[in-house]
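User: Could you go through this model with me? I have a few quick questions about it.
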Amino acid sequence: MSNRRVVVTGQGVISSLGLTADAHVTALREGKCGIGAIELIPTENLTIKIAAEAKAFKGEDYFGRSEIALRDRVTQMATVAAKEAIAQSGAVFDGALGERTATILGTSMGGQQTQDENYRLVYGEGKTRVHPFIVPRLMANAPVSWVSMDHGLKGPAYSISTACASSNHAIGQAFHLIRSGGADAAVTGGTESGLTWGVLKGWEGLRVMSKTACRPFSKTRDGMVQGEGAAILVLEELERAKERGADILGEIVGFGSSADAGDIVQPSLDGATRAMRAALSDGSVDPTKIAYVNAHGTATAMNDRTECAALRDVFGSHADSLSVSSTKSAHGHCIGAAGALEMVATLSALGGTVPPTIGYEEPDPDCDLNVVPNDAQTRDVPYAMSNSFAFGGLNAVVVVKRWDGN
Amino acid sequence: MSDTTLDAVRSIIAEQAMIDVAEVKPESTLSDLGVDSLGLVEIVFAIEEKFDVTVPFNANDPSASEFDISSVQAAVDGVEKLRAAQA
């Protein structure tokens, strides 16, 4: 079992950049920005008035009334993206494979639209009763449960909540589960839809949000911008995928995670460094093989500085040969879905086009790497890495390899 | 009053069951109409909202609830009793 390999055979995306994985990747490569004025909720009492809303995503386009009654927007996005990913993979999960397929999704906040709206009704409007399905709608495991129910996935299934690292932890767990023989396939990734008045107020309070734009690694950066979306991947054990002639989008070769055990919000050089080293070591990947790093890159002063220093620690002189971009500049910080949306970007880079860090204005000596400013770069990418470093000091890093047919 | 209550309950049930209101007869049972256990809870909620009453309904064991919802007419009678108690 120890030599089992794990490949990606399907992906699906809902984001501010598009409603399919292809649309998401094309927009990233073209340097399009999904961040804009908040339109889905009233903003008169918010000081932060921008976000990466998936404005084109409307539940009614995909679900009937009785389905919407049970699916918060966070579940709607996850289940639509899962349908796309599974259709692309061509995998059929009936019978034995269904029982050997895991469902592991990251989500930080669960059904926030449901929670926000109903708190407003009971606290704000004094209502004394709420709709009967509030609990099944808002629970953080609702997205993973619906994905498993929609497709008959009967293996291990759970959701992971590690803030901004949730979906990298989920992808890493799914990868390890298949590699170790605990499952033969997995539907994994993450989903988040927390652009509610209450959640945005909370983020305002922390004072780490930009009022203008997300400009990772730029000297002029002034904070993060929230986003929403979902990205779902189908992972399969390599031999099984080959046997059925599946298109292979890339191989997952390494996963590493660590805890800073330091501060609840400040990132740590040591924690980030250990997670990256652990992922490289898990995949027995020589660091000089890595060509692209999809950075955590939140565009806070502290994260980007610390992450660049950690990259220099891990890669030494090879750091100057890396392309390092933060696609959060385009799709916003989608918290529990961030790692999964960024994994789709990372897999796309294996094709030879590295997505840019947009919104870049001015070099910062503390971030003096090739941060792929504003325009995509073409290069050979045999291996790539995707970083997620969460509030709470929980770090998760995934390393992928281009599929060259063997 | 009885006709009004009957009409309102029929239309609530028709909406939840996603059928035409004409199919909802006083003698129909909710399972006849294809209402599942979650649908039943939604109907109870909709009745509470419509008539501003609190329906003594326990989803653990609907048949043991004080509120009889075994048929459309039983539900209508139950609503009228609750409204009378409130008056």
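User: Where does Phe217(A) lie?
Analyst: Phe217(A) is in the loop between α9 and β7 of chain A, where helices (H or I, at least four residues) and strands (E, at least two) are DSSP runs numbered from the N terminus. Residues are numbered from 1 along each chain as its sequence is written, and chains are lettered from A in the order in which they are written. This is a predicted model, in which local features need pLDDT of at least 70 and side-chain atom pairs count only at pLDDT 80 or more, while totals for chains, interfaces and linings use all residues.
User: What is phi of Phe217(A) near, and is the residue buried or exposed?
Analyst: Its phi is near 70 degrees, a positive value in a residue other than glycine. Phe217(A) is buried, with 29 C-beta neighbours inside 10 Å; a residue is buried if 20 or more other C-beta atoms lie within 10 Å of its own, exposed if 12 or fewer, and partly exposed in between, with C-beta atoms placed from the backbone.
User: And what about Arg207(A), buried or exposed?
Analyst: Arg207(A) is exposed, having 8 other C-beta atoms within 10 Å. Arg207(A) lies in the loop between α9 (197–206) and β7 (229–237) of chain A, and its phi is near 60 degrees, again a positive value in a residue other than glycine.
User: Switching to β4(A), how many of its residues are buried?
Analyst: Six of the six residues of β4 (residues 101–106) of chain A are buried. In a regular strand the side chains alternate between the two faces of the sheet. Here Thr101(A), Thr103(A) and Leu105(A) on one side and Ala102(A), Ile104(A) and Gly106(A) on the other are all buried, so both faces are covered.
User: Which strands does β4(A) pair with?
Analyst: β4(A) pairs in the parallel sense with β6 (residues 185–192) of chain A over six bridges, pairing meaning that DSSP finds at least two bridges between two strands. Gly106(A) has Gly190(A) as its bridge partner in β6(A). Four bridges join β4(A) to β5 (residues 157–160) of chain A, also running parallel, with Ala157(A) as the partner of Thr103(A).
User: Last topic: at what angle do α1(A) and α14(A) cross?
Analyst: The axes of α1 (residues 21–29) and α14 (residues 338–349) of chain A come within 10 Å and cross at roughly 70 degrees. The two helices are therefore roughly perpendicular, a label for angles of 65 to 115 degrees.

How values were computed. Axes are lines fitted to C-alpha atoms, for helices over the stretch in contact, and angles run from 0 to 180 degrees between N-to-C directions. Angles under 35 degrees count as roughly parallel, over 145 as roughly antiparallel, 65 to 115 as roughly perpendicular and the rest as oblique.
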